[in-house]
Amino acid sequence: METPGSQSSLHRANLERVVRAVRRSGALTQAEIARTTGLSAATVSNIVRELKDNGTVEVTPTSSGGRRARSVSLSGDAGIVVGVDFGHTHLRVAVGNLAHRVLAEEAEPLDVDASAAQGLERAEHLVKTLIAATGINPRKIVGVGLGVPGPIDVAGVLGSTAILPGWAGTNPRDDLAARLGVPVHVDNDANLGALGELVWGAGRGAGDLAYIKVASGVGAGLVINGQIYRGPGGTAGEIGHITLDESGPVCRCGNRGCLETFTAHRYVLPLLHSAHGPDLTAPRMVRLAREGDAGCRRVIADVGRHIGSGVASLCNLLNPSRVVLGGDLAEAGELVLAPIRESVGRYAIPSAARQLEVVPGALGGRAEVLGALALVLSEMGDSSLLDGTASADTPDSV
């Protein structure tokens, strides 16, 4: 037994600090570990050597600032994480290891509206198919991250939503955990998009950011001091329901003139049906705009200005340093980003607007599933890695 405050308990705490820093970042040099943890360079060197000897981390040569360095990452054999992302019309699954390497990934079209049971059945099948295809021992799985396009409360229950009417009141976390026999962590797709961009994409290096996703609905994933902010009820970031016009269109939430009613695909695509037909999709609208179509350009610019109004409110309240635009609209580049910046400059207080970066997401449609992997990496503990039991008690049931 370790006595609190003893030399052995202090050493254990330092081991966990180093493992936690590496686990969250994927790979760090020893100098970066020292800065992140506050430990001395000598202490970090000794701990990394110990972790390498027991197989917890891998050390590879690299360079930093033009000088030779050593990159430290968790061992690729330390454990496996799985990400599952339900979009409005797709299912995407990814398998990765604790060193932040994606080992397999696959997506398929899916009518998520059908029912929660059918959607989770397809997710179960796709997870098992990928695990079998990669030859991974299911006992190595330490957890599954699950993303859904709707509000999730602290108990894992999906709130009432017009986007997923067949899912309202269900607990997809517990259902998928029962199907796979491993721990499942659940969050909404905007939060996972924020996590994905924070760890792998355009949010790297930003301690405070907002990830804005515009699709069938509109949501924001908020990162404050490097952590996702969910609020006490789990519904923080519902930027789509900021009121822009009290006399505007009726929103699915019951109010009028919400940001979503001026920006979500279901509202803006019909504006172009007379010119491009009822089968117009958001990716095609963006492609046509980039090719010079005047109507598509106008609609995207209007959407950008409305998004910018919502972003300005976020700036005034939270003062983030970076806003990352995700979803299909990010592919429009400056056609949508410039109007967003214009509105931010007009409606946000100058001190907040001046230091804000507005950038496109770097991960495209993969942001949410990679965020699901990052969710597991952020929620798992460090003790099991140090004890070599990350998956020893996990049943061989996937």
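The model is predicted, so local features need pLDDT of at least 70 and side-chain atom pairs count only at pLDDT 80 or more, while totals for chains, interfaces and linings use all residues. Residues are numbered from 1 along each chain as its sequence is written, and side-chain values use heavy atoms, with hydrogens and water left out.

Let's start with the sheet. Helices (H or I, at least four residues) and strands (E, at least two) are DSSP runs, numbered from the N terminus. Two strands pair if DSSP finds at least two bridges between them. Here, five strands make up an open sheet with mixed pairing, in the order β11-β10-β9-β12-β13. Because β11 (227-229) and β13 (357-360) each have a single partner strand, they stand at the edges, and one side of each has no neighbour in the sheet. On average, neighbouring strands of this sheet are turned by 25° against each other, direction ignored. The parallel strands β12 and β13 are joined by four bridges, and L325 has P360 in β13 as its bridge partner. Helix α12 (residues 334-347) packs on the sheet, touching β12 and β13, and its direction makes about 160° with that of β13. Axes are lines fitted to C-alpha atoms, for helices over the stretch in contact, and angles run from 0 to 180 degrees between N-to-C directions; contact means heavy atoms within 4.5 Å.

Next come the cores. A nonpolar core is a set of buried Ala, Val, Leu, Ile, Met, Phe, Trp, Tyr and Cys residues joined through side-chain atoms within 4.5 Å. The largest one has 48 residues, of which I33, L51 and L98 touch the most other members. Helix α14 (residues 367-379) gives the most to this core, with nine residues. Setting aside neighbours within four places in sequence, L51 is in contact with L15, V18, V19, T56, V57 and L386. Another core, of 40 residues, lies apart from it and includes I212, L259, A289 and A352.

Finally, which backbone angles stand out? Most residues other than glycine have a negative phi. Buried means under 20% relative accessible area, exposed over 50%, and partly exposed in between (1.4 Å probe, protein chains only).
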